[in-house]
Amino acid sequence: MPEEPDGEKATGSLDADAAAVAGVKAPSSRVALDRQRILDAAVAYVDEHGLARLTMRAVGGELRVEAMSLYRHVDGREGLLDGIVDTIIDETYDDPEVIVTPEHGWQDFLQRLAHGIRRVALRHPNAFPLVASRPPEAPWLRPPLRNLRWVESFFEGLAAEGFSDDVAVIAYRAFTSFLLGHLLLEVAARGADISPLDVLDTADEPDDALAAFPHVRRHRVALAEDQSAVEFEESLEHLLERLALQVAQSEG
């Protein structure tokens, strides 16, 4: 008798009626497990339920297999977390608006990359904080541009545009700091858990708590407005202007 695909024997052998009684969906077809299928399921689970509820058993449930089947492909929950980071950042390679080398100048190159990473963050707000918290491929890499392939493309692209090594490093640090700071705030505003940072819900905060802060109180309504898209554009423009100045000074 042929061996069942990884772990699918637990539920895959149930017919539709038995599966309904057991409270699980009978799979329409059997697909052997592999690492990417597991990671895709983990990303989908975190998108829906959040990081705190992510377990090997939960992902196994999404795939309708026993949790132990996952360990053949993923090194436990820690392996899941690292894999989730790789999976969502790799989505930038499939983004038709993102390019890996400059085609219309370095400003266009960085704008496209910045917007691509922002789209990833907004598609996966619950998972995006992992980009900041998981160890990168090398300790001197900075999230969110943290895998070696993208960092290589970044520096190669800037070198092709005439950036000196010193200015390219400045650009990398500024670019990543801008993106991480802005996007963590943006996903937090959408309910993502960015622990250990404390995100407080002050919607019902009494006015007397702000009595000693008249400027804050006066601007409270405006500060509560979601201006994320506008702020992203303005901050990105300011960053590019600063980098252009650095380039001009290095050439002068």
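This is a dialogue on reading selected features of one predicted model.

Student: What kind of model is this, and how are residues numbered?

Tutor: The model is predicted, so local features need pLDDT of at least 70 and side-chain atom pairs count only at pLDDT 80 or more, while totals for chains, interfaces and linings use all residues. Residues are numbered from 1 along each chain as its sequence is written, and side-chain values use heavy atoms, with hydrogens and water left out.

Student: How many helices and strands does the chain have?

Tutor: Helices (H or I, at least four residues) and strands (E, at least two) are DSSP runs, numbered from the N terminus. Here the chain has 13 helices and zero strands.

Student: How much of the chain is buried?

Tutor: Buried means under 20% relative accessible area, exposed means over 50%, and partly exposed lies in between (1.4 Å probe, protein chains only). Of the 252 residues in the chain, 42% are buried.

Student: Which share of contacts joins residues at least 24 apart?

Tutor: A contact means heavy atoms within 4.5 Å. Taking contacts between residues at least 6 apart in sequence, 66% join residues at least 24 apart.

Student: How do the axes of H3 and H6 cross?

Tutor: Axes are lines fitted to C-alpha atoms, for helices over the stretch in contact, and angles run from 0 to 180 degrees between N-to-C directions. Angles under 35 degrees count as roughly parallel, over 145 as roughly antiparallel, 65 to 115 as roughly perpendicular, and the rest as oblique. Helix H3 (residues 35-49) and helix H6 (residues 76-90) have axes that come within 9 Å and cross at roughly 85°. The two helices are therefore roughly perpendicular to each other. On the H3 side, the residues making the contact include Ile 38, Leu 39, Ala 42, Val 43 and Val 46; on the H6 side, they include Leu 80, Ile 84 and Ile 88.

Student: What is the make-up of that contact by class?

Tutor: Ala, Val, Leu, Ile, Met, Phe, Trp, Tyr, Cys and Pro count as nonpolar, Asp, Glu, Lys and Arg as charged, and the others, Gly among them, as polar. The contact of H3 with H6 has eight nonpolar, four polar and two charged residues.

Student: Which residues of H3 are buried, and what covers them?

Tutor: Ile 38, Leu 39, Ala 41, Ala 42, Val 43, Tyr 45 and Val 46 are the buried residues of H3. Their cover includes helix H4 (56-63), helix H5 (67-70) and H6.

Student: What span should H10 have?

Tutor: The expected span of a helix is 1.5 Å times one less than its number of residues. For the 25 residues of H10 this gives 36 Å, and the end C-alpha atoms are 36 Å apart, which agrees. H10 is followed by Gly 191, whose phi is positive, near 95°.

Student: Is Glu 186 buried or exposed, and what does it contact?

Tutor: Glu 186 lies in helix H10 (residues 165-189) and is buried, with a relative accessible area of 2%. Beyond its neighbours within four places in sequence, Glu 186 is in contact with Arg 118, Leu 122 and Ser 228.

Student: What does Thr 176 contact?

Tutor: Thr 176 is also placed in helix H10 and is buried, at 1% relative accessible area. Leaving aside neighbours within four places in sequence, Thr 176 is in contact with Arg 142, Pro 143, Pro 144 and Leu 145. Pro 143 and Pro 144 are joined by a cis peptide bond, with omega about 0°. Pro 144 is in the loop between helix H8 (129-133) and helix H9 (148-160).

Student: Where is Arg 64 found, and what is its phi?

Tutor: Arg 64 is in the loop between H4 and H5. Its phi is near 60°, a positive value in a residue other than glycine. At 27% relative accessibility, Arg 64 counts as partly exposed.
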